[in-house]
Amino acid sequence: MLRVRIMHVVTTFLLLASIAVLGGCSKKEEAAVPPPQPQPAAQAAPTPSANALPSTQGEFPGLTLTIQELKRSSNALTLKFALINQSNNNFGFGYSFGEGDKEFGSVGGIHLIDAANKKKYFVVRDADGSCVCSRNIANINVGSQSVLWAKFPAPPDDVQKITVEIPHFPPFEDVPITR
């Protein structure tokens with residue numbers, strides 16, 4: 001329900017912004033500008049800010065991954081990212097993002113690369129060997145998104161950027177680490 005409201009707000013904002021831009025034009029300019037075409041709510045995307053983190057598509061057509069945050073705490077890094085489904089089909093996680101065929105419906109197969117120190121960081125595991133990350137993830141319906149997360153051991157304090165490798169997507173290089 002919240003996703004539907006967000007999509008309505010984004011669509012309404014885009015429509016009002018288009019009206020405001022066209023309302024500021026002179027009569028001569030209005031004739032040269034075609035009327036705005038409404039965008040389907042499922043394809044409306046937030047406008048990236050100046051400090052926006054990376055976004056890309058990978059091996060799954062219509063699935064976009066956007067890194068939202070890579071935040072350092074005293075002894076860990078938390079990666080937060082969104083998967084946006086703009087395809088024509090629902091997306092099920094299965095074993096696609098787990099570590100091998102051990103983790104159904106999780107993002108435990110993500111890792112970080114610290115090139116300066118030549119070190120690879122894997123998702124933190126609990127005493128049972130389960131990832132400290134998003135697990136039992138529901139399908140992402142057409143036109144929806146899912147915000148996911150994973151915890152990693154913290155690299156040394158002098159490491160300010162790191163490479164994020166998420167299965168089925170190109171590596172995100174030099175992702176800034178925030179506090």
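**Disulfide, sheet and side-chain contacts**

Biologist: How many disulfides does the count come to?
Modeller: A disulfide is a pair of cysteine sulfur atoms within 2.5 Å. By this rule, the count comes to one disulfide.

Biologist: What kind of model is this?
Modeller: Residues are numbered from 1 along each chain as its sequence is written, and side-chain values use heavy atoms, without hydrogens or water. Local features need pLDDT of at least 70, side-chain atom pairs count only at pLDDT 80 or more, and totals for chains, interfaces and linings use all residues, since this is a predicted model.

Biologist: Is the disulfide of Cys 131 and Cys 133 left-handed or right-handed?
Modeller: Cys 131 is joined to Cys 133, S to S 1.8 Å. The torsion about their S-S bond is about -55°, so the disulfide is left-handed.

Biologist: Is Cys 131 buried or exposed?
Modeller: Buried means under 20% relative accessible area, exposed over 50%, and partly exposed in between (1.4 Å probe, protein chains only). Cys 131 has 2% relative accessibility, so the residue counts as buried.

Biologist: Which strands stand at the edges of the sheet?
Modeller: Strands are DSSP runs of E, at least two residues, numbered from the N terminus. Two of them pair if DSSP finds at least two bridges between them. The open sheet has four antiparallel strands in the order S1-S2-S3-S6. A single partner leaves one side of each edge strand without a neighbour in the sheet, so the edges are S1 (55–57) and S6 (145–153).

Biologist: Which residue in S3 is the bridge partner of Leu 63?
Modeller: S2 (residues 63–72) and S3 (residues 76–85) run antiparallel, joined by nine bridges. In S3, the partner of Leu 63 is Asn 85.

Biologist: Is Arg 72 buried or exposed?
Modeller: Asp 157 is exposed, with a relative accessible area of 52%. Arg 72 has 7%, so that residue is buried.

Biologist: How many residues apart in sequence are the parts that Glu 99 and Arg 125 tie together?
Modeller: Their closest N and O atoms are 2.6 Å apart, in a salt bridge. Glu 99 lies in the loop between S3 and S4 (111–114), and Arg 125 in the loop between S5 (119–122) and S6, so the separation is 26 residues.

Biologist: How many aromatic pairs does the count come to?
Modeller: Rings of Phe, Tyr and Trp (its six-membered ring) pair if their centres lie within 6.5 Å; planes under 30 degrees apart count as stacked, over 60 as edge-to-face and the rest as tilted. By this rule the count is seven.

Biologist: What kind of pair do the rings of Phe 60 and Phe 91 form?
Modeller: The centres are 4.9 Å apart and the planes stand at 65°, so the pair is edge-to-face.

Biologist: Which residues do ring pairs link into a cluster?
Modeller: Phe 60, at 22% relative accessible area, is partly exposed, whereas Phe 91, at 9%, is buried. Both belong to the cluster of Phe 60, Phe 91, Phe 93, Phe 97 and Phe 169.

How values were computed:
A salt bridge is a side-chain nitrogen of Lys or Arg within 4 Å of a carboxyl oxygen of Asp or Glu.
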